[in-house]
Amino acid sequence: MIRVIRSIIAIVGLLQMFMLGPSYGQTGDETVIRDHIARFAGADFQGIAETVSTLAATGDPAVAPVLRALRGGDIYWRKSDRRVVRAEKMPKRMLRLLDPLSGEVIEDVRKSAVKKVKVNNTLRRMIDTALGNLTLRSPDRAMRLDAAGQLFRTRDPSTLPALDAALAAETDEGVAGEMRDARAAIMLKVGDATVDAQRDAIARLAARGDNAARTVLAGFTSDDPALSAATAQGIERIDRSLRLWGYGQNIWQGLSLGSVLLLAAIGLAITFGVMGVINMAHGELVMIGAYTTFVVQEFIRSSAPYLFDMSLFIAAPLAFLAAGLVGICIERGVIRFLYGRPLETLLATWGISLILQQAVRTIFGPNNREVGNPSFMSGAFELGGLTITWNRLWILLFALMIFAFLLFVMKRTRLGLQMRAVTQNRAMAADMGIRTGWVDAMTFGLGAGIAGLAGVALSQIDNVSPNLGQSYIVDSFMVVVFGGAGNLWGALAGAFTLGIANKFLEPFSGAVLAKVLVLIFIILFIQKRPRGLFALKGRAVEQ
Amino acid sequence: MSLLILDGVSRSFDGFKAVNGMTLAIEPGELRAIIGPNGAGKTTMMDIVTGKTRPDGGTVRFDGHDMTRIDEAGSARLGIGRKFQKPTVFETHTVEDNILLSLRDDRGVFATLFSGADDTARVAELLALIRLEDRRLDLAADLSHGQKQWLEIGMLLAQDPKLLLIDEPAAGMTDEETARTAALLRDLAGDHAVVVVEHDMEFVRALDCRVTCLHQGRVLAEGSLAQVSANEQVVEVYLGR
Amino acid sequence: MEKGNDAVPAPRSGHTATLNRKTLLNTRGTIFLCVLAAVAVGVPYLNATGMLPDYAVSLIGKYLCFALLAIALDLLWGYCGILSLGHGAFFALGGYAMGMHLMREIGERGVYANPDLPDFMVFLNWQELPWFWWGFDTFWFAALMALFVPGLLAFIFGYFAFRSRVTGVYLSIITQAMTYALMLAFFRNEMGFGGNNGLTDFKDVLGYDLQSQDTRIGLFVLSALAVAVGFLICRAVVISKAGKVIISIRDAESRTRFLGYRVEGYKLFVFVLSAMLAGLAGALYTPQVGIINPGEFSPANSIEIVIWVAIGGRGTLVGAAIGAVIVAASKTILTGLYPEAWLFVLGAMFVFVTIFMPRGVLGVWDGMIDGMWRMRGMDPNERRLRA
């Protein structure tokens with residue numbers, strides 16, 4: 001109990017110093033700070049709290065890493081000379097001691113040679129607040145933004161003076177905006193704030209329009225009917241904007257899912273759509289692409305780690321070749337004998353898919369293999385109210401690029417011309433001197449290679465396991481059938497329509513049921529338009 | 001009253017007008033030859049009459065029925081028999097079964113499931129007519145091309161249709177078979193109306209009947225073969241001069 | 001092409017009252033039924049004398065269910081040319097219908113000892129039995145549903161698909177989508193069919209303990225009987241005039257239409273009948289293996305049924321049953337000995353059969369016999385007609 005009271009006193013003291021903060025902010029020179037830090041050695045919780053207060057009061061951003069280390073339990077003092085150090089764990093119960101300020105390595109010692117500076121929850125909260133305040137004045141913009149966000153979440157009225165001071169000194173408009181938001185959120189907690197100030201705060205939060213602002217408003221109650229009304233209106237306004245952003249997010253997720261479907265289906269649009277070959281091993285060609293990525297990354301990890309960010313660019317052509325070659329082997333070895341017998345082709349390629357699955361399981365094991373994201377594929381960014389992850393964005397772009405590439409091959413190259421010729425009239429194409437067998441193999445190889453490329457992309461968002469292909473096969477056939485076989489644009493429209501439909505259904509029905517509903521929809525759709533969305537029309541087709 | 005009436009019938013595929021305001025009447029028991037270059041709308045016309053293709057506009061009446069609402073099976077039940085250009089018979093059935101399946105009878109699932117007696121006399125009669133008695137128990141797949149043509153004609157006759165639509169019957173037949181086919185078709189006319197689509201002018205001449213020439217989805221000329229072949233437009237489009 | 005086309009010996013000339021009618025039981029069918037009878041009697045006998053372990057009885061019983069399922073698919077694919085990649089769904093629905101009854105039979109003996117609700121519903125905090133579980137405490141209702149539900153699904157699905165003339169590969173793909181959708185749905189707990197775990201822990205059926213060997217033998221004999229009945233029904237359909245129409249649809253659909261047959265009606269009839277037989281197979285399967293779960297709906301299972309039929313020889317009925325037993329037995333043996341090898345073997349079977357043995361084992365057999373006839377200077381057609 002006493003300890004709690006002491007802690008509270010310490011926190012209050014800390015805050016008082018902060019109100020004066022700017023006056024001696026940035027002035028603490030290193031020796032002074034070092035003196036303060038030295039006091040951690042052997043201190044009890046109260047002593048530690050006092051030292052934290054003093055350190056925070058220096059307002060020097062250099063203190064922040066020390067406090068952070070303290071919070072993480074990485075600050076120790078050496079028993080031999082009571083020197084306060086930061087420690088990193090080493091193998092065999094050893095610790096590497098570093099200077100807490102400069103990070104310079106001092107020595108490696110056994111754990112028993114040092115003693116930890118312990119922190120409890122009260123201290124942790126105190127450190128968090130102190131860090132928030134410290135970082136409000138940090139020269140690093142990202143840290144200031146972060147600190148402002150922290151204040152917005154804690155909404156502690158006692159931080160208001162420090163915030164005001166930081167706001168006055170802030171020159172960056174983005175950070176200042178965030179600080180004003182935080183200030184508005186705090187204002188609603190300040191008991192004796194004026195009605196006008198609170199009304200402004202409500203307006204500001206309503207304009208901010210995100211979930212965090214809504215939470216703040218929803219937690220605000222006032223006796224003033226005007227303020228209550230303004231709060232209700234603000235919440236409504238936020239809800240409206242959140243709903244719109246929600247639709248936007250649905251569309252984005254739908255496009256993202258659509259791009260995955262497009263990737264999985266686009267190779268099929270060639271083999272099934274153009275050649276009429278039902279390739280049930282298509283999913284396994286995607287899987288080969290994903291495993292190629294895995295192998296490339298393993299190789300890079302072991303022999304050229306600096307190339308890791310390039311791994312996908314290296315894997316893509318290799319995956320195209322690997323899957324393409326397997327595809328050509330399948331075509332020449334099996335499918336060639338089954339032209340004109342689509343149902344038999346379906347069965348034989350299913351058999352191949354089983355063999356490929358088991359081969360991968362035997363070589364790489366049955367478990368998921370780890371495929372890493374290069375740095376440009378990691379993380380996310382905000383676009384208005386949308387959260388967009390980089391890997392999804394790149395995959396969308398990648399899918400569209402493949403689509404454009406395929407369109408180019410089909411419409412503008414000699415191979416594309418020959419492919420279309422063979423599809424339309426095999427006998428005549430042969431008479432014109434086209435090597436139909438070669439064109440078949442190349443067409444199938446192209447479709448297979450594209451599946452391999454899809455595998456590179458899908459390795460970034462899905463588990464790379466022998467079952468990877470199976471999970472896409474039904475979906476990708478649905479896309480091609482829905483879009484209309486033989487039409488690349490149909491595959492594009494089909495993929496994105498199904499993706500978006502799925503994501504809009506999900507909030508109402510849950511993910512699985514949404515998928516079931518989409519499948520039922522396609523089954524019904526096929527009844528209405530047996531040839532898909534972009535069907536070729538004409539007498540020839542009707543027969 | 002005419003057995004089959006097409007009045008202003010049109011049908012287009014992706015903008016291509018396969019049949020464009022076609023008007024045609026076939027009398028009961030009439031033998032009629034229809035000629036015309038490729039793409040003149042002959043096959044589409046037959047598709048429309050048999051309910052395989054719905055017309056975009058115009059009326060089609062057969063024996064008093066509106067044929068625009070009827071499917072292929074319906075047209076067959078009303079009494080239209082159709083022979084394809086490429087002979088299509090049931091290759092894994094015996095010759096006899098092919099005929100048996102074509103005989104006039106209840107076509108419903110449960111009727112055929114529990115059907116017992118077969119009209120064997122009629123089968124024998126038809127087999128004699130198409131000269132396949134000694135191939136009765138052979139698979140249709142084992143027949144020669146000409147024999148398959150005959151078998152298909154036999155199947156049509158087994159249906160006892162009011163109207164026979166026959167697509168290029170002479171294709172792939174020997175001269176002797178062609179002559180025999182022409183004679184058979186002439187025989188059939190009278191009991192059945194027979195419409196023959198044909199390219200082979202010799203065959204049309206042998207049929208010795210009224211001729212309709214189609215071009216670009218409409219009727220270009222109609223009359224005896226002599227009249228039609230004297231028509232300058234016909235000469236221009238059909239004979240390509 | 002198909003060699004299932006066996007006919008009664010009929011004189012080459014002269015016209016008898018009925019022509020070219022095949023008998024319900026040709027030589028091959030008779031042999032098949034005799035073997036089946038021998039199995040139905042022999043397996044329990046060997047088990048009683050201790051020469052066959054208890055588990056083997058249930059195992060062979062399972063194969064018999066597969067054989068019935070294969071016969072059902074062969075009627076549809078081999079004779080009507082409709083390749084269903086979703087027949088596992090009908091099998092599973094039949095299995096679930098029976099499983100639901102067995103769940104109700106558990107009653108208070110469940111883990112939660114709830115007399116009104118199956119364990120998984122208690123676990124999910126459900127308060128009352130959902131409407132679609134009503135009636136399943138009666139055996140005959142459940143048995144009826146095991147036939148009716150697959151039949152109804154096939155009717156609805158087939159009605160729309162055949163009416164809009166979805167054929168060939170497109171039809172195959174949407175049947176696959178159907179079973180995939182059902183699998184996803186049955187995996188959900190909210191569906192009320194036990195979710196992921198399916199239905200299991202059955203105690204007894206009609207008062208007979210499912211764990212006792214006597215009950216198992218009873219189920220085994222019942223399965224053999226079901227195969228025989230299923231075979232005879234399919235055979236009766238195939239040799240009827242309707243059967244000839246069905247084959248005609250497979251070979252020349254358009255010609256069949258122009259002869260005045262409503263192809264949709266025939267396809268629907270075969271599809272529904274086949275689905276109901278599959279449902280019957282499923283209903284016998286569940287009590288013998290003791291579990292039914294959503295995995296039975298997986299598209300891979302349905303395709304495996306197709307390979308049974310392809311290996312045995314499609315369009316022969318008997319071949320389908322043989323294929324089912326061959327593949328299922330090799331699966332049991334191989335997964336026991338070399339688990340790694342099974343998918344290689346199964347995959348290779350698909351490829352090999354489609355390329356080198358398109359008519360399956362019975363086709364190869366027929367080819368050999370035909371060859372012997374030719375060597376003796378006789379027309380193989382002669383043999384086919386006499387078969």
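Two residues are in contact if their C-beta atoms, placed from the backbone, lie within 7 Å. The structure is a predicted model, in which local features need pLDDT of at least 70 and side-chain atom pairs count only at pLDDT 80 or more, while totals for chains, interfaces and linings use all residues. Residues are numbered from 1 along each chain as its sequence is written, and chains are lettered from A in the order in which they are written.

**Exercise 1.** Describe the overall build of chain C.

Solution. Start with the contacts between residues at least 6 apart in sequence, of which 78% in chain C join residues at least 24 apart. Next come the elements, which are DSSP runs numbered from the N terminus (helices H or I, at least four residues; strands E, at least two), and chain C has 15 helices and 4 strands. The radius of gyration, taken over C-alpha atoms, is 22 Å for chain C, close to the 21 Å that the globule rule gives for 387 residues, so chain C is as compact as a globular protein of that length; the rule is 2.2 Å times the number of residues to the power 0.38.

**Exercise 2.** Find which helix of chain A gives the most to the side that touches chain C.

Solution. The contact takes 34 residues from chain A and 38 residues from chain C. On the side of chain A, helices H15 (342-364), H20 (468-483) and H22 (511-528) each supply at least two residues, and H15(A) gives the most, with 14 residues.
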